[in-house]
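Have a look at the model first, then go through the points with it open beside you.

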Amino acid sequence: MAEGFRFTVCATDGRARTGVFETPRGPIRTPAFMPVGTAATVKAMKPQDVAASGADVLLANTYHLMLRPGAERVARLGGLHRFMGWSRPILTDSGGFQVMSLGDLVTVDEDGVEFRSHLDGTRHFLSPERAIAIQRRLGADILMVLDECPRHPITHDAARQSMERSMRWAARCRDAFLADPGGAALFGIQQGALFEDLRRESADRLVELGFAGYAIGGLAVGEGQQAMFEVLDYAPQQLPPDKPRYLMGVGKPADLVGAVLRGVDMFDCVLPTRSGRTAQAWTAHGPLNLRNARFAEDPSPLEEDCPCPVCQHFTRAYLHHLARAGEILGAMLLTEHNLWHYQRLMAGLRDAIAEGRAAAFARDRLARLEAGDR
């Protein structure tokens, strides 16, 4: 089902694991954090600088790209990799989460999702089959099934209905994908909200269908970290141990550490890039707001031990100046540092798992975050 793709677990420490997901466009070292390139760009970053931060794979957004510039145009221009100048693997989400987030602009039925564009109000229809076709036209390496992402909170009955629809859509996505796999891999998405029995049923049905990897969906939608971790105490173990597990839309560094300890392999989140555009820098001691006056004459780097180009060449005082002046360079530099920070966290987790010290690494990182900024 996914020729050229192979996942190897190289080491485990408790439930945490480190490995490599081989793809035709190169390896993805896990645990892996995927920077989000919503509109075929990681905002404020050049592709080569994203690669230099240590990222093996990017996420691109099917919903936004289907509306602008359009999957057909991207295909005519040689596919997403050539279009955006990124030669490493790309994962595309199905567009389901963004569509469901449109609220009153969306109508959902068994056939798919009808919605109005947030850009110009035009009507569009996204079925499981069309979601796969769009991702194939974009030329992604890893495709996601179309699912229904339920809002939080939700009753057990409503969550069951939503989960069962997602599983029917997953089967349709798989059938559409198998008709023309085109050198790509397809991931299924587990749903079931906060209910263990629904998560188990969803996992079993996805495994029966067979996918190259499995995502854990329907979390990071307002339930809070404790509730998310309670689900992650069992959800990853419901999925096959020989396939990558991807937690969608997460998150803060503490979320990533906790999820890795519970057996998750892949992540994506807009937080490091969005933070960079709002004058926020992530450090081992938590986020720093560079607009704060206390940084106006601070000659130190963002982090003393950070090897990123920003920390090697610029001071907090200069970054404060850029943030207060609204200069574009400020967003660029803070985003670059944040991406390095997230990739260094992933590298640290990979090394710690391989050396059997994942729990100690997690305790140290969480203690530093608890101590606060410096």
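1. Let's start with Ile 142, which sits in strand S11, the run from residue 142 to 144. Keep in mind that this is a predicted model, so everything here is about a prediction. Is Ile 142 buried or exposed? The relative accessibility of Ile 142 is 0%, and since the cut-off for buried is under 20%, Ile 142 counts as buried.

2. What surrounds Ile 142? If you skip the neighbours within four places in sequence, the contacts of Ile 142 are Phe 5, Phe 21, Ile 28, Ile 90, Leu 91, Thr 92, Ala 185 and Phe 187.

3. Now to Phe 267, in strand S15, which covers residues 266-268. Phe 267 is buried too, with a relative accessible area of 0%. Beyond the neighbours within four places in sequence, Phe 267 touches Ala 32, Phe 33 and Met 34, then Tyr 246, Leu 247, Val 250, Leu 256, Ala 259 and Val 260, and also Met 346. For Val 250, 17 residues away along the chain, the distance to Phe 267 between C-alpha atoms is 6.0 Å.

4. Next, helix H14, residues 328-354. With 27 residues, H14 runs 40 Å from first C-alpha to last, close to the 39 Å expected at 1.5 Å a residue. How many of the residues of H14 are buried? The count is 20 of the 27, so H14 is largely enclosed by the rest of the structure. After H14 comes Gly 356, with a positive phi near 70°.

5. H14 packs with helix H15 (residues 358-371), their axes 8 Å apart and at an angle of about 145°. On the H14 side the contact uses His 341, Leu 345, Gly 348, Leu 349, Ala 352 and Ile 353, and on the H15 side Ala 358, Phe 361 and Arg 365. Sorted by class, the H14 and H15 contact has 6 nonpolar, 2 polar and 1 charged residues. A bit of background for reading the list of positions: an α-helix has 3.6 residues a turn, so residues three or four places apart point the same way.

6. H15 also meets helix H10 (residues 253-261): the axes of H10 and H15 come within 10 Å and cross at roughly 160°. The cut-off for roughly antiparallel is over 145 degrees, and H10 and H15 are therefore roughly antiparallel to each other. Their crossing is left-handed. Pro 253, Ala 254, Val 257 and Leu 261 of H10 make the contact with Ala 358, Ala 362, Leu 366 and Leu 369 of H15. By class, that contact of H10 with H15 has 8 nonpolar, no polar and no charged residues.

7. Last stop: helix H6 (residues 128-138) and helix H7 (residues 156-178), whose axes come within 8 Å and cross at roughly 45°. That angle makes H6 oblique to H7. The crossing of H6 and H7 is right-handed. Which residues meet here? From H6 there are Pro 128, Glu 129 and Ile 132, and from H7 Trp 169, Arg 172, Cys 173, Ala 176 and Phe 177. The contact of H6 with H7 divides into 6 nonpolar, no polar and 2 charged residues.

Terms used:
Residues are numbered from 1 along each chain as its sequence is written. This is a predicted model: local features need pLDDT of at least 70, side-chain atom pairs count only at pLDDT 80 or more; totals for chains, interfaces and linings use all residues. Side-chain values use heavy atoms; hydrogens and water are left out. Helices (H or I, at least four residues) and strands (E, at least two) are DSSP runs, numbered from the N terminus. The expected span of a helix is 1.5 Å times one less than its number of residues. Buried means under 20% relative accessible area, exposed over 50%, partly exposed in between (1.4 Å probe, protein chains only). Axes are lines fitted to C-alpha atoms, for helices over the stretch in contact, and angles run from 0 to 180 degrees between N-to-C directions. Angles under 35 degrees count as roughly parallel, over 145 as roughly antiparallel, 65 to 115 as roughly perpendicular and the rest as oblique. A crossing is left-handed if the near helix is turned anticlockwise from the far one by less than a right angle, and right-handed if clockwise. Contact means heavy atoms within 4.5 Å. Ala, Val, Leu, Ile, Met, Phe, Trp, Tyr, Cys and Pro count as nonpolar, Asp, Glu, Lys and Arg as charged, and the others, Gly among them, as polar.
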